Amino acid sequence: SLERAVQDDLAALDRLEATAALDDQIVTLRETIDRETRLRYDERVASASEYLDQSTDLLDARWARVTHRVELARAGTRLLTTLGVEVR
């Protein structure tokens, strides 16, 4: 039972680490899109609505990244707890 719990915790850590790496890439791309949309908005090529949509997408990506990092920390703590390591 303990071995299975540890394997499950390790699998969760692997999955969340991969997700965190993807989140960084997504945020970087969203920042690029946001900058480009801002420039297009300043030149009156993009509408305020389009710029707002892109800014919202960037904020959503940042929020997802933070959420996944919290989940990663929780998974690491859960693994340590399963192993009986005291966490302070």
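**Labels and their cut-offs**

Reply: Happy to, starting with one tyrosine: Tyr-41 has 28% relative accessibility, so Tyr-41 counts as partly exposed. Buried means under 20% relative accessible area, exposed over 50%, and partly exposed in between (1.4 Å probe, protein chains only). This is a predicted model, in which local features need pLDDT of at least 70, side-chain atom pairs count only at pLDDT 80 or more, and totals for chains, interfaces and linings use all residues. Residues are numbered from 1 along each chain as its sequence is written, and side-chain values use heavy atoms, with hydrogens and water left out.

Me: What makes Tyr-41 and Tyr-51 a stacked aromatic pair?

Reply: Rings of Phe, Tyr and Trp (its six-membered ring) pair if their centres lie within 6.5 Å; planes under 30 degrees apart count as stacked, over 60 as edge-to-face and the rest as tilted. Here the centres are 5.7 Å apart and the planes make 15°, so the pair is stacked. A search of the whole structure finds one aromatic pair.

Me: Why is this pair said to tie together parts of the chain?

Reply: Tyr-41 lies in helix 1 and Tyr-51 in helix 2, so the pair links parts that are ten residues apart in sequence. Helices (H or I, at least four residues) and strands (E, at least two) are DSSP runs, numbered from the N terminus.

Me: Why is Arg-44 called exposed?

Reply: Its relative accessible area is 69%, so Arg-44 is exposed. Arg-44 lies in the loop between helix 1 and helix 2, and has a phi near 65°, a positive value in a residue other than glycine.

Me: What makes up the largest nonpolar core?

Reply: Five residues do: Val-6, Leu-13, Leu-16, Ala-75 and Leu-79. Such a core is a set of buried Ala, Val, Leu, Ile, Met, Phe, Trp, Tyr and Cys residues joined through side-chain atoms within 4.5 Å. Two or more residues come from each of helix 1 (2-42) and helix 2 (48-83), and helix 1 gives the most, with three. Leaving aside neighbours within four places in sequence, Leu-13 is in contact (heavy atoms within 4.5 Å) with Leu-72, Ala-75, Gly-76 and Leu-79.

Me: How do you know that Thr-77 is partly exposed, and not buried or exposed?

Reply: Thr-77, found in helix 2, has 35% relative accessibility, so Thr-77 counts as partly exposed. The C-alpha atoms of Thr-77 and Ala-64, 13 residues apart along the chain, are separated by 20 Å.
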